[in-house]
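This briefing is meant to be read with the sequence and the structure open side by side.

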2 protein chains.
Amino acid sequence: MQTGEGSNQGSRLDQWLGSYAARTRGMTASEIRALFAVASRPEVVSLAGGMPNLTALPMDVVGRAVSSLVAENGPVALQYGSGQGDPELRLRILDVMVPNRVTAHPDDIVVTTGSQQALDLVTRIFVDPGDVVLAEAPSYVGALGVFRSYQADVVHVPMDGEGLIPSALSDTLVSLKRAGKRVKLLYTVPNHHNPGGVTLSPERRPQIVEIARRFGVLVLEDDPYGLLGFDGDPVPALHSLDPDGVIYLGSFSKTFAPGFRVGWAVAPHAVREKLVLASESAILCPSSFSQMAVTSYLAEHDWKHQVGVFRELYRERRDAMLHALGDMMPTSSWTSPQGGFYVWVRVPDGLDTKAMLPRAVTARVAYVPGTAFYADAQGHDHMRLSYCYPSPERIREGVRRLAGVIDQELDVQATFGAAPRRPRPGSVVDSPGPDLT
Amino acid sequence: MQTGEGSNQGSRLDQWLGSYAARTRGMTASEIRALFAVASRPEVVSLAGGMPNLTALPMDVVGRAVSSLVAENGPVALQYGSGQGDPELRLRILDVMVPNRVTAHPDDIVVTTGSQQALDLVTRIFVDPGDVVLAEAPSYVGALGVFRSYQADVVHVPMDGEGLIPSALSDTLVSLKRAGKRVKLLYTVPNHHNPGGVTLSPERRPQIVEIARRFGVLVLEDDPYGLLGFDGDPVPALHSLDPDGVIYLGSFSKTFAPGFRVGWAVAPHAVREKLVLASESAILCPSSFSQMAVTSYLAEHDWKHQVGVFRELYRERRDAMLHALGDMMPTSSWTSPQGGFYVWVRVPDGLDTKAMLPRAVTARVAYVPGTAFYADAQGHDHMRLSYCYPSPERIREGVRRLAGVIDQELDVQATFGAAPRRPRPGSVVDSPGPDLT
């Protein structure tokens with residue numbers, strides 16, 4: 001018997017093994033975690049992480065913001081706050097959503113501990129074990145982990161270069177309905193998809209919203225990268241097309257700083273009430289200090305200009321990666337992201353990105369295998385490359401090393417034939433750790 | 001038909017009403033919430049809140065800590081961190097637990113978004129719907145909310161002046177075992193109980209731990225007030241008696257500042273691994289900034305002295321409240337807390353603290369009715385009074401107003417007879433909001 005991710009390592013030592021809840025059985029550390037501990041060494045070029053590049057952030061501005069916050073507002077910033085979040089921050093969030101055409105009342109906003117907590121809360125209030133959550137194929141690993149922890153049945157819907165495919169969504173919903181399944185949510189990252197690197201086209205947006213409405217499925221629109229498009233204006237959010245049918249999630253982690261853990265959800269009124277109650281149960285209230293630090297950064301700094309600076313920084317790195325891939329990986333194919341952090345790469349037939357990862361780390365380059373982004377057995381032929389964090393030179397060097405590993409794999413394959421791909425047991429979701437999501 | 005807390009107000013407006021998960025049905029806003037919005041007006045003396053008194057906190061020290069944090073460590077403080085929490089903070093937490101005799105390896109500690117999140121995560125990994133969680137009668141309202149949200153069956157175990165009663169615990173476990181119930185956790189606040197105001201005696205601690213071990217029940221020891229005892233040394237934590245059978249929860253919210261939302265759990269090794277995975281699913285990672293702010297406060301300030309300052313501040317307020325009660329509320333009885341924030345008051349027979357609250361708020365004083373602290377129909381004859389936040393003069397004035405309200409109620413009762421007490425439907429838990437827990 002082979003040991004898959006579903007096994008309980010060290011189970012003989014755990015006297016509480018018989019006490020865990022059913023949902024906990026799905027919570028397993030990824031076997032790639034140990035590899036990434038190695039991959040964090042400085043000699044390894046990590047194209048794996050999703051950490052934003054903070055080199056461009058004006059630390060003097062942030063420093064002044066937090067120290068004047070304590071001086072002028074200490075007793076409030078250090079105290080408990082409201083479960084729904086600071087009213088002044090909620091007002092400012094309205095401004096931040098203008099480019100994506102999300103309009104709301106401040107009362108419709110719930111501030112969360114990063115948008116990850118919003119994912120958790122939405123799933124908590126809607127999903128019973130066995131309920132279906134639809135997600136793009138591939139999908140954000142952190143969301144898959146949440147759905148899994150609430151024992152949802154994740155069903156993937158295909159994407160292409162224009163994002164989620166409306167006819168595929170509709171077909172999937174028809175067959176799920178026939179099978180008597182209860183579909184609760186359509187989870188989607190329409191802008192600069194993680195890991196897909198594609199954006200849902202403006203033409204498809206009304207179609208997706210209409211299909212979801214027709215089938216009574218709530219749309220969960222996750223938009224951390226909406227302001228990080230390299231060309232043209234942002235496409236209006238799905239939320240702008242049907243505010244009563246879409247929960248919109250935003251985040252300051254990619255446009256300001258993840259260290260404060262401030263995200264938010266915009267939800268229909270009744271849903272928002274449930275989200276606040278669920279959040280109070282989960283954490284009482286989000287950090288007053290973090291919220292007020294973000295508020296004062298937004299108030300005192302030209303944050304729009306700063307987002308523009310980030311955009312240019314990421315565009316330069318995107319260009320470096322696409323050029324390097326074009327120069328050095330002729331046997332692979334990939335998406336060409338117009339924003340965000342990620343390129344989704346398809347490796348030559350017969351290669352297995354998960355099996356190849358240890359060899360890549362030995363060759364001092366890291367990526368996330370495609371399998372992490374599916375709730376089922378897909379993804380062995382893909383990998384996610386991030387260009388957000390390393391310098392353009394390091395990106396080029398990383399792709400050079402990766403190309404070498406792929407060439408070696410192809411040599412081995414030519415000599416010995418392709419290794420049979422081993423499907424993964426069940427629908428266990430890898431949890432590769434916070435810095436890789 | 002009367003409208004209880006379990007009703008779905010505004011349900012006709014919620015198009016997603018049919019989509020909520022089963023667990024969400026238990027999430028209802030307390031009907032006392034609206035009252036507390038009124039109670040937050042300055043003319044009302046609130047003896048309801050559990051907010052720590054931050055007047056004694058050296059804001060200059062905190063201001064310097066956060067600004068030098070950005071200057072010296074900005075790119076780390078503003079970035080994602082580890083799911084388990086900052087290693088340096090985990091080391092410092094070991095020091096903080098020394099007075100309570102909790103010994104651990106830094107690897108055994110999981111940093112959480114306030115200890116509320118630790119409550120949520122522990123419940124998440126252990127409790128299936130219908131599992132029993134034992135809790136003191138009364139018990140912390142925020143914990144009851146968590147247990148309810150995971151559809152636990154909360155069974156209360158009586159306390160007396162020495163805390164949880166071992167024979168009652170053992171009897172309860174025997175009868176639950178006979179009934180075929182699956183008991184997962186014993187939730188207890190052994191030090192300066194919220195809302196009970198009592199401390200589990202040193203003699204009873206080994207008995208409680210031994211009973212839990214015998215029945216295979218994991219102890220969840222919640223200790224936010226362990227350092228806030230007014231007399232003598234802290235009693236060793238339950239954790240010190242059986243580290244493999246106890247999860248210990250600590251918090252900086254009462255000894256430093258709640259606005260950073262930093263708490264922690266100390267758990268047996270295998271359980272700790274599950275907690276980290278659950279936390280990554282819930283929030284990816286706790287705030288790096290918050291953690292490093294607490295770390296630098298602990299490193300650069302004489303935090304033990306500061307805790308001593310808080311202790312004296314709360315002792316003075318406890319004294320003010322006990323004197324005022326003794327002088328002005330001869331028909332009630334109450335506990336005499338040796339630390340912490342709360343006095344638990346029993347009102348004269350026939351009075352109903354929940355029904356009385358609107359009259360109290362009209363008389364410009366607020367408290368939390370006893371019903372908030374039970375998962376069942378108990379508590380109408382009790383109220384929780386907090387002395388942590390108001391000045392001694394305001395405490396005295398608040399008790400004076402409250403005594404007037406009680407006297408009026410007794411007059412009404414003498415004239416018209418006691419109102420029949422209406423048991424609450426089901427086991428719906430009030431969620432009065434974060435500043436009242």
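Predicted model: local features only at pLDDT ≥ 70, side-chain atom pairs only at ≥ 80, totals over all residues.

In what order do the strands of the open sheet of 4 strands in chain A follow one another? The order is 10-11-14-13, and the pairing in this sheet of chain A is antiparallel.

**Strand 14 of chain B**

- In chain B, strand 14 (residues 382-386) is mostly covered, with 5 of its 5 residues buried.
- From this strand of chain B, B:His382, B:Arg384 and B:Ser386 point one way, while B:Met383 and B:Leu385 point the other way, and all of them are buried.
- In a regular strand, side chains alternate between the two faces of the sheet.
- Strand 11 (residues 342-346) of chain B runs antiparallel to strand 14 of chain B and is joined to it by 5 bridges, with B:Met383 as the bridge partner of B:Val345.
- Strand 13 (residues 368-369) of chain B is likewise antiparallel to strand 14 of chain B, through 2 bridges, and here B:Val368 stands opposite B:Arg384.

**The eight-stranded sheet of chain A**

- Chain A also has an open sheet of 8 strands in the order 2-9-8-7-6-3-4-5, in which the pairing is mixed.
- Its edges are formed by strand 2 (109-112) and strand 5 (163-164) of chain A, each of which has a single partner strand, so one side of each is left without a neighbour in the sheet.
- Strand 8 (residues 246-251) and strand 9 (residues 263-266) of chain A run antiparallel and are joined by 4 bridges, and A:Gly250 stands opposite A:Trp264 in strand 9 of chain A.
- Strand 6 (residues 183-188) and strand 7 of chain A, by contrast, run parallel and are joined by 4 bridges, with A:Val219 in strand 7 as the bridge partner of A:Leu186.
- Strand 7 (residues 218-222) of chain A is largely enclosed by the rest of the structure, because 5 of its 5 residues are buried.
- Both of its faces are covered, since A:Leu218, A:Leu220 and A:Asp222 on one side and A:Val219 and A:Glu221 on the other are all buried.

**How the two copies are related**

- Chain B is superposed on chain A by a rotation of 180 degrees with 0.0 Å of shift along its axis, at an RMSD of 0.0 Å, which is the relation of a two-fold axis.
- The same surface serves both copies, in that 100% of the contact residues of chain B recur in chain A.
- Among the residues of chain B, B:Ser67 comes closest to the rotation axis, with its C-alpha at 2.6 Å.

**Helix 2 of chain B**

- Helix 2 (residues 59-77) of chain B has 19 residues, yet its end C-alpha atoms are only 20 Å apart, short of the 27 Å that a straight helix would reach at 1.5 Å a residue.
- This helix of chain B bends by about 70 degrees at B:Ala71, and a proline, B:Pro75, follows within four residues.
- Its buried residues include B:Val61, B:Val62, B:Ala65, B:Val66, B:Leu69 and B:Val70.
- The cover over the buried residues of helix 2 of chain B includes helix 2 (59-77) and helix 9 (288-300) of chain A, together with helix 9 (288-300) of chain B.

**The nonpolar core**

- The largest nonpolar core has 255 residues, and those with the most contacts inside it are A:Phe126, A:Phe260, A:Phe289, B:Phe126, B:Phe260 and B:Phe289.
- Helix 10 (residues 303-328) of chain B gives the most to this core, with 11 residues.
- Apart from neighbours within four places in sequence, A:Phe126 is in contact with residues of chain A, including A:Asp131, A:Lys184 and A:Leu218, and with residues of chain B, including B:Trp16, B:Tyr20 and B:Thr24.

**The position of B:Gln151**

- B:Gln151 is placed in the loop between helix 5 (141-149) and strand 4 (153-160) of chain B, and B:Gln151 is partly exposed, with a relative accessible area of 29%.
- Not counting residues up to four places away in sequence, B:Gln151 touches B:Ala22, B:Arg23, B:Asp128, B:Pro129 and B:Gly130.
- B:Gln151 and B:Leu228 are 77 residues apart in sequence, and their C-alpha atoms are 33 Å apart in space.

Note on methods: Residues numbered from 1 in each chain as written. Chains lettered and ligands numbered in written order. Heavy atoms only, no water. Buried < 20%, exposed > 50% of the residue type's maximum accessible area, 1.4 Å probe, protein only. Pairing = 2+ DSSP bridges. Core = buried A, V, L, I, M, F, W, Y, C linked by side-chain atoms within 4.5 Å. Contact = heavy atoms within 4.5 Å. Least-squares fit on C-alpha atoms with pLDDT ≥ 70 in both. Expected span 1.5 Å × (residues − 1). Bend = angle between axes of the 7 residues up to and from the residue.
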